[in-house]
Amino acid sequence: MNLEEYFKRIGFYGPFSKPDLETLNQVHKHHVMSIPFENLSIHCGEKITMDHELIFNKIVRSNRGGWCCENNLLFAWVLKEMGYNPITLGSRVYNNTINQFGPIDSHLINKVVIDGTAYIADVSFGVSSQIWHPLELVSGKDQPQSPGVFRLIQDGDLWTLEKTGRKPLVLNEAFTNSPLVDKSPTKKIYGFTLVPRGVDHFLETSHYLQTDPKSLFTNKSISSLQTATGFRALIGWTFSEVTYNNQDGFDVLDMKDISDDDVDKVLKEMFNVLLANKLVPINNKAGYTI
């Protein structure tokens, strides 16, 4: 494991001389633009681990992405190597269907303090909820980014990340009422406390998420990559190219279904993902929007 390989993987060529906010912003954005949020290992017969070496080999050396327990764990290692002092936190994803937080810390994020100011770094939520730059840990402040306006809200010990987005404009009428299309103007994404968490805190959850029949991740194969103008997503066989904030103030969703024969090609060309094992796409009914 070394930083030079990681920097090459994300296309970051510096320079950086100290662990400051500008450098953190650049590396964070390069990561989300280069490394997909994806759970494809589950549907390729592969086990997802929280071993640093295995994650590095998978994501950096084997042109893969990963989910939060891989991407954000790798990012914490990167930040430490760069001289930052990240603190790993656990968060509970908000279920907008039943309007409540999940019962377990299913999402791993990092807190970084720079010159006395704390930020939340998260390179692995994916789709339209993915932040491009770290968010200042301050309650109620609108923090506009290309995907929309993010804000963190504090209520006692609980911090909630929410986002206000734009209306979707779906080009393909066949997908106008797709359950993948998020039409909520403002939504909660996840909630967290500032209690530091180690890898052990997530091991049981990681096993559950990749094995339980009720888990979102066993019911959907997901790959998502941010682009200069929006993001791409492949959910099962549904490929979406999303453009943020077109000239009329909409997010434009260009959606289509692809064939089994085209899946590997789309993953390679649109996500720079090369799979060693055969993917079995899946898109069962579950509460998930892009």
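Predicted model: local features only at pLDDT ≥ 70, side-chain atom pairs only at ≥ 80, totals over all residues.
Helix 4 is followed by Gly83, a residue with a positive phi near 105°. Step back from Gly83 and the helix itself comes into view.

Helix 4 covers residues 68–82, 15 residues in total. From its first C-alpha to its last, the helix reaches 20 Å.

Two other helices can be followed onto helix 4. Two packed helices are described by the angle between their axes and the distance between the axes. Take helix 2 to begin with. It spans residues 21–34 and packs on helix 4 at an angle of about 150°. The two axes lie 12 Å apart. An angle over 145 degrees counts as roughly antiparallel, so helix 2 is roughly antiparallel to helix 4. Their crossing is right-handed. On the helix 2 side, the meeting residues are Thr23, Leu24, Val27, His28 and His31. Facing them in helix 4 are Asn71, Leu74, Phe75, Leu79 and Met82. An α-helix has 3.6 residues a turn, so residues three or four places apart point the same way.

Now turn to helix 1, residues 3–10. Helix 1 and helix 4 pack at about 120°, with axes 11 Å apart. That angle makes helix 1 oblique to helix 4. Here the crossing is left-handed. Helix 1 brings Leu3, Tyr6 and Phe7 to the meeting. Helix 4 answers with Leu74, Phe75, Trp77, Val78, Glu81 and Met82. Leu74, Phe75 and Met82 of helix 4 also meet helix 2.

The largest nonpolar core has 53 residues. Those with the most contacts inside it are Tyr6, Trp67, Leu74, Phe75, Met255, Tyr288 and Ile290. Helix 4 gives the most to this core, with nine residues. Apart from this core lies another, of 15 residues, among them Ile120, Phe125, Ile131 and Trp159.

Leaving aside its neighbours within four places in sequence, Ile290 is in contact with Val127, Ser128, Leu180, Phe231, Ala233, Ile235, Ser240, Val242, Leu253 and Met255. One of these partners, Met255, is itself among the residues with the most contacts inside the core.

Lys188 sits in strand 11, residues 186–192. Its relative accessibility is 36%, so Lys188 counts as partly exposed. Beyond its neighbours within four places in sequence, Lys188 is in contact with Tyr94, Asn96, Thr160, Leu161 and Glu162. Lys163 is 25 residues from Lys188 in sequence, yet their C-alpha atoms are 6.5 Å apart.

Val113 belongs to strand 4, residues 107–114. At 45% relative accessibility, Val113 counts as partly exposed. Pro86 is 27 residues away along the chain, and 7.4 Å separates the two C-alpha atoms.

Thr211 is in helix 5, residues 200–211. With 43% relative accessibility, Thr211 counts as partly exposed. Thr211 and Arg166 are 45 residues apart in sequence, and 35 Å apart in space, C-alpha to C-alpha.

How values were computed:
Residues numbered from 1 in each chain as written. Heavy atoms only, no water. Helix = DSSP H or I, 4+ residues; strand = E, 2+ residues; numbered from the N terminus. Expected span 1.5 Å × (residues − 1). Core = buried A, V, L, I, M, F, W, Y, C linked by side-chain atoms within 4.5 Å. Buried < 20%, exposed > 50% of the residue type's maximum accessible area, 1.4 Å probe, protein only. Contact = heavy atoms within 4.5 Å. Axes fitted to C-alpha atoms, helices over the stretch in contact; angles between N-to-C directions. Parallel < 35°, antiparallel > 145°, perpendicular 65-115°, else oblique. Left-handed = near helix turned anticlockwise from the far one by under 90°.
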